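I opened my notebook next to the viewer today and jotted down what I looked up. Here are the entries, in the order I made them.

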Amino acid sequence: MTDTGTRARGDIGSRGTFGRLGAVLRGSAGAYWTLTGLWVLLRAGTLAVGLLFQRLFDEIGAGGGVWPLIAWVAAIEGARMCLQFGVMINRLEPHVQYATTARLRRRLLGSALRGRGAAARTAPGESLRVVGEDVDETGFFVAWAPTNLAHWLFVVAAVTVMMRIDALVTTALLVLLVLITLVTAGVHGRFLRHRRATRAASAEVAGALREAFGAVKAVQAAGAEDHVAAHIARLNTARAGAAVREELFAGVQRTVIGNAAPLGIGVVLLLTAGRAHEGTFSVGDLALFTFYLQILAEALASIGILSVRLQRVSVALDRIGAFLGRPSGTASSVSAEKPERKPEPEPPSAPATVPAPRQDSGLRELTVRGLTARHPGTEHGVEDVDLTFVRGSVTVVTGGVGAGKSTLIQAVLGLLPHERGAVLWNGEPIADPASFLVPPRCGYTPQDPRLFSGTLRENILLGLPDEDGTVLEEAVHTAVLAPDVAAMRDGVDTVVGPRGLRLSGGQLQRTAIARMLARRPELLVLDDVSSALDPTTEHLLWSRLLDSPVTVLAVSHRPALLRAAAQVIVLGDGRVEATGTWDEILAASPETRRLATGPDHRDDTGPA
Amino acid sequence: MAGSPLRQLSVLIRYLRGERPSVLLLALLVPLGVGLQLVAPQMLRRFIDHTLTGSPADLLLAVAAWYLTAALGLLVVTVASDAVAARLAWRGTNRLRADLVAHCLRRPSRFYQRHPPGELLDRVDGDVTRLAAVMSALVLEVLAQLLLVAGILGALFLLDWRLALVFAPFAAGTLLLLRGLVGRAMPFVAARQASSADLLGFLEERLAGAQDLRTNGAAAHTLADLEARQDELYRRAHRAARVSVRWPATVQSLSTVSVVLALGVSVWLHDRGQLSTGTAFACLSYAMLLRRPLLAVTTRFHDLEEAAVSVRRLTELLRTDGEEEVDPAPSRTGRLPDGPLGARLDGVFFGYDPGEPVLRDVSFRLRPGERLGIVGRTGSGKSTVVRLLFGLQHPARGTVSVGGADVAGLDPRALRRRVALVTQEVQILHATLRDNLTFYDPSVDDGRVRAALEEAGLTEWCRELPDGLDTVLGTGARGMSAGQEQLLALARVFLRDPAVVLMDEPTARLDPHTERLLMPAMERLLEGRTAVVVQHRPHALGSMHRVLVLDGGTVVEHGEQTTLAADPTSRFHELLRTG
């Protein structure tokens, strides 16, 4: 239909539903075609049963010769059972379905893990719907689709047989079937419209539920449970209306096709009633027509469902393709990948002429030159930032709210797209910082770190090999998490709950720091991590961090750290306002000091 | 048959109350449809017998016309009953959804630690939507088709009693097998669904934390983890398919037996001249017709089993009562007096886990309008005091009271109308600014919303928003700084105008500059209200009347703020010095 056909190696990003389905199936093609072949075989058996019925009713009065026919019917049907339930439904279908969904989810998650915050820019309900519902829809489709070729072949063969028996009656039946198809096609447009409305309403419900459950603490604290529930109920009512309308049109389509057999038999009776005594249309022929019409109607229904399902799966594949395509822009054509393949640095999105720095060269110096970057779609960002630091130094970024501190860190790490400027590793430009500035070169703890369901150990190691436990122990110690771990009954095997919610804010942050430290990166990047810690713990944390010969780039306001830094960068409104040691900056501008530090200064106890 | 899917599904019946007209309409339409299907083979029999006996063409035409009319009638009846059933199912399941949402929103935080939002979404919407599909199927496909099976047996009896005699054991056998096989696949289907929900929860968390995983170089590990979970899902799905297939395979085999049986018996009777060709034909038609409902029931049965599993999981979700009752129990109907309220802890002991006490013998009393600051190290139990006063936790020993009423005896919603909690964690809804403040309460007018924003010092910010109060905030929409988020949280509290304000390190995530910007609004909020403020930075407690120093869950110091700050031997003074 819409298959471009020109792309031998189609991708989910390619045009045309069939091209994309082909791409989705790569890896399960063998099972898929075996399934198709077996369905064809089953339908051939059904065709034979019809012919047996015809002979049986023609010979029923003639006596004898009928019993072998009945035996044949029994044999063919028995064979069908064995194939359908012993091989196809219980083995091949789950295989095709789950292998497909597994491949898709692998690619989607892989893409999110590589991309520049694709998941962060997608609305919360949306990305989960793509990896959940849309993938399920596609998996179901590819397991179901093999019946269709068999149905088409059956239709052709059955119509041929019927034509040879009575061309007039068969032609009339074909006209009837075409009419039925036209009616359902007409209804289909309206059905689709309502279906879209239902999906939109469903997304709203899912979004509202996710928000309500995600922000349940705020809802409960505000005592707003009833209002939120009422809001969701309103959305549910709207969806129910849309869904019932969708179901009505789906029902009309389904029923008109489903009743094709009785209607067809009625037509056969009407057309043969006048010439019943001529003997041109026997009881056996009526038996054959009755039987084939039922299977034809089933085939027609299945073919009708095909267009509906194709539409659904096409919408699902659109969204899957968009999810895969969005993160790395137009150049992305994620090739089929194996899970074993280590995620190598992605092909650079910057001009390919810039060579990537040699990966084995340890950090001597990191330079940021003329860096301008903004949060996509906003004016908020940093402009024209220059900054250099050498191995073993401590650099602290400070400044007021909205000064762009976190933005600068994210831009340096390549988590935000660069508008201008470059980041240089030992003097060589880094083509794609996002995939270069990762462990063991660089470790990063964001302001608002995410943990995952599982144990403390799993969250810190994230798959890092640690047979004797020393990596974990050292990271936990340096991150000042050891006293907390000791107080937990299960120690490092304590389950942290979804998103680490069972930990306190301070424990969560120190776990994230331990996670970073476990990878022993050369360069530590910390974005205001100590804000949830009490002064004693924080002091200990920094003294341990600075004890080892690492390079640190941190956002902080802590006077002790600012004083310890070899270099302090004061940001204001996205630009560097001052650079130097803390004493130099204070000497140059007392105003800066007021801006950058806060009420936790000894001589500044009262609120401003 | 305790685990019968039908038994499980019967829970749903109470959600159909109030849908009497739809139910009555279905009770009319469904038997009508069955009758129209049953009458068709009878007409075929007459047509064939009339043909073979050489009846006039008029008579044949009349039979044919009736046949066609019945077919058209069946079409109309089917469409109508489908639509009515869909309406019934959606309205019924919406009631269930409302129950579930109301229930979940009242669960304590422990509940949300066990169930990530992705999983709850799958339960409350995914499972229930599956139920909506199955509920209409339950009425139309299962009940109607079972009626049809009974009708077919009756019709065969009318054709020839010997036919019915042969088919009766078949029907009985089918029923026996139905009883035997029902529910066998349920544990396997449940295992598959659990695995599927687990996978979805995993994906939800990993997608949300994709950046953390990437910057920690954990992409390969995460994908390997995904692989393990998908393998597990495949294994369970395969096992579920192998077990689930037994039931349709059995029914279809029986159906084939019935067709062969019909042919054999009719041929035998016909050979002995005891059965007309038309009757033989009708008998085969009924046998074939029998195959359709059985097929429909079997394919639907698969869905029914899945739905029953869904229902069981939903009833489990609804049954999480009791372990930590945040729900207003009937006895907890205490009210708070109007006007200013005091607060009091009396010999309070508390621990999350037995053997790990968090608070030991903590007491203090706050007069209305008095402000208490609590300091102490991480893990000293500061936050727990606030959680107790907010009714999020209840003491193991001792009493916690607000306005003279024991918190344990208060309806939490009554408590939270008068007591507000501000924490460092601000949850912004992906919704408009207005809805973020009112939480969808339509009775709050824009004037009050604007007044609250003004008090929080957000008027300027609000004026710059493209759509004013209708601007959508949250993920994927308009971003806010941490300071603005915290001010929004304050605006939420201003809107409710509570008598008691609890603050749990509200500025912990903010830089000092932002913290200072927040101060005026926080001061306004504390003005004239009773307050308990937890801080790990003692400097921020300058405007408190009194200070409580906690260490290891016990009170080590308690007194006037100014007195303690001036006393060089006090713990508070020491904290001020080292901080």
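This is a predicted model: local features need pLDDT of at least 70, side-chain atom pairs count only at pLDDT 80 or more; totals for chains, interfaces and linings use all residues.

**Entry 1**

Residues are numbered from 1 along each chain as its sequence is written, while chains are lettered from A and ligands numbered from 1 in the order in which they are written.

Strand β4 (residues 397-402) of chain B and β5(B) pair in the antiparallel sense over two bridges. For my own reference, two strands pair if DSSP finds at least two bridges between them. Helices (H or I, at least four residues) and strands (E, at least two) are DSSP runs, numbered from the N terminus.

Next I looked up the sheet around this pair. It is an open sheet of four strands with antiparallel pairing, in the order β2-β1-β4-β5 (chain B). β2 (356-366) and β5 (405-406) of chain B are at the edges with a single partner strand each, so one side of each has no neighbour in the sheet. α12(B) packs on this sheet and touches β1 (343-353), β2 and β4 of chain B, and its direction makes about 115° with that of β1(B). Contact here is taken between residues whose C-beta atoms, placed from the backbone, lie within 7 Å. Axes are lines fitted to C-alpha atoms, for helices over the stretch in contact, and angles run from 0 to 180 degrees between N-to-C directions.

**Entry 1**

Within it, strand β7 (residues 500-504) and strand β8 (residues 530-534) of chain B pair in the parallel sense over five bridges, and Leu502(B) stands opposite Val532(B) in β8(B).

**Entry 2: a helix pair in chain B**

How do α17 and α18 of chain B cross? The axes of helix α17 (residues 482-496) and helix α18 (residues 512-526) of chain B come within 10 Å and cross at roughly 5°. That makes α17(B) roughly parallel to α18(B), a label given to angles under 35 degrees, with over 145 being roughly antiparallel, 65 to 115 roughly perpendicular and the rest oblique. The residues making the contact include Leu487(B), Leu490(B) and Phe494(B) of α17(B), and Leu518(B) and Met522(B) of α18(B).

**Entry 3: a strand of chain A**

Strand β7 (residues 523-527) of chain A is mostly covered, with five of its five residues buried. Buried means 20 or more other C-beta atoms within 10 Å of the residue's own, exposed means 12 or fewer, and partly exposed is in between, with C-beta atoms placed from the backbone. Leu523(A), Val525(A) and Asp527(A) point one way from β7(A), Leu524(A) and Leu526(A) the other way, and all are buried.

β7(A) has parallel pairing with strand β6 (residues 442-445) of chain A over four bridges, where Gly443(A) has Leu524(A) as its bridge partner.

**Entry 4: Gln294(A) and chain A overall**

Is Gln294(A) buried or exposed? Gln294(A) is buried, with 22 other C-beta atoms within 10 Å, and lies in helix α11 (residues 283-325) of chain A. Gln294(A) and Gly258(A) are 36 residues apart in sequence and 8.8 Å apart in space, C-alpha to C-alpha.

Chain A has 21 helices and 10 strands, and buried residues make up 49% of its 608 residues.

Key:
Two residues are in contact if their C-beta atoms, placed from the backbone, lie within 7 Å.
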